[in-house]
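Reader: Could you please walk me through this structure? I would like to start with the helices and then turn to the backbone.

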Amino acid sequence: MTELDLASLIPDFPTEGIMFKDVMPLIADPVAFRETIDRLAAWAGPRAPDVILGAEARGFIFGGALAYALGCGFVTARKPGKLPWETIEARYALEYGTDALEVHVDAIEPGARVIVLDDVLATGGTARAKIELVERLGGVVVGALFVIELSFLNGRERLPGTDVHALIAYS
């Protein structure tokens with residue numbers, strides 16, 4: 001796999017002025033997807049996570065596959081109102097607005113080692129919200145892992161003290 005050449009640039013999505021990096025072509029390619037999960041697992045494995053936390057929607061795809069590869073659990077962070085039981089919520093800013101994520105109040109055991117995972121690190125808002133959710137439940141974030149980092153948006157600055165890794169960085 002070279003520089004995630006299977007990711008597509010979509011201009012003006014979801015709003016005008018945003019250059020969206022679409023990883024769906026990478027996921028659709030079985031060789032590229034397997035290599036991506038293998039690379040994520042190579043970084044995550046030594047951190048011995050108990051749980052991978054992924055946000056909808058592409059974080060579910062990568063997170064579920066990574067949890068399976070590592071033999072650990074997977075927890076979903078969802079948009080408000082999508083989970084069927086008692087939740088906690090974290091709000092965050094995006095490049096193009098604001099949003100929120102929720103997890104079940106019993107999704108992460110106190111002391112559990114958690115890797116926060118997503119397809120793209122942009123401004124860091126989503127990752128910061130997921131870290132906040134883990135910490136509020138008593139979990140320990142042992143890393144934040146991404147397929148792509150848009151380093152020109154300085155998302156790492158919103159994640160101080162967190163071990164951050166991306167397979168590919170675009171500057």
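This is a predicted model: local features need pLDDT of at least 70, side-chain atom pairs count only at pLDDT 80 or more; totals for chains, interfaces and linings use all residues.

Reader: At what angle do the axes of helix 2 and helix 3 cross?

Author: The axes of helix 2 (residues 30-44) and helix 3 (residues 58-70) cross at roughly 60 degrees and come within 9 Å. That angle makes helix 2 oblique to helix 3, and their crossing is right-handed.

Reader: Which residues in helix 2 and helix 3 meet?

Author: From helix 2, F33, T36, I37, L40, A41 and A44 meet I61, F62, A65, L66, A69 and L70 of helix 3. By class, this contact has eleven nonpolar residues, one polar residue and no charged residues.

Reader: Moving on, which residues in helix 4 are buried?

Author: Helix 4 covers residues 125-136, and its buried residues include A127, I131, L133 and V134. The buried residues of helix 4 pack against several strands, among them strand 3 (51-55), strand 5 (87-94) and strand 8 (140-150).

Reader: What comes just after helix 4?

Author: G138 follows there, with a positive phi of about 90 degrees.

Reader: Which residues other than glycine have a positive phi?

Author: A48 has a phi near 50 degrees, and N154 has one of about 60 degrees. A48 lies in the loop between helix 2 and strand 3, whereas N154 is in the loop between strand 8 and strand 9 (164-170).

Reader: Is A48 buried, partly exposed or exposed?

Author: A48 is partly exposed, with a relative accessible area of 42%. N154 is also partly exposed, at 39%.

How values were computed
Residues are numbered from 1 along each chain as its sequence is written. Side-chain values use heavy atoms; hydrogens and water are left out. Helices (H or I, at least four residues) and strands (E, at least two) are DSSP runs, numbered from the N terminus. The expected span of a helix is 1.5 Å times one less than its number of residues. Buried means under 20% relative accessible area, exposed over 50%, partly exposed in between (1.4 Å probe, protein chains only). Contact means heavy atoms within 4.5 Å. Axes are lines fitted to C-alpha atoms, for helices over the stretch in contact, and angles run from 0 to 180 degrees between N-to-C directions. Angles under 35 degrees count as roughly parallel, over 145 as roughly antiparallel, 65 to 115 as roughly perpendicular and the rest as oblique. A crossing is left-handed if the near helix is turned anticlockwise from the far one by less than a right angle, and right-handed if clockwise. Ala, Val, Leu, Ile, Met, Phe, Trp, Tyr, Cys and Pro count as nonpolar, Asp, Glu, Lys and Arg as charged, and the others, Gly among them, as polar.
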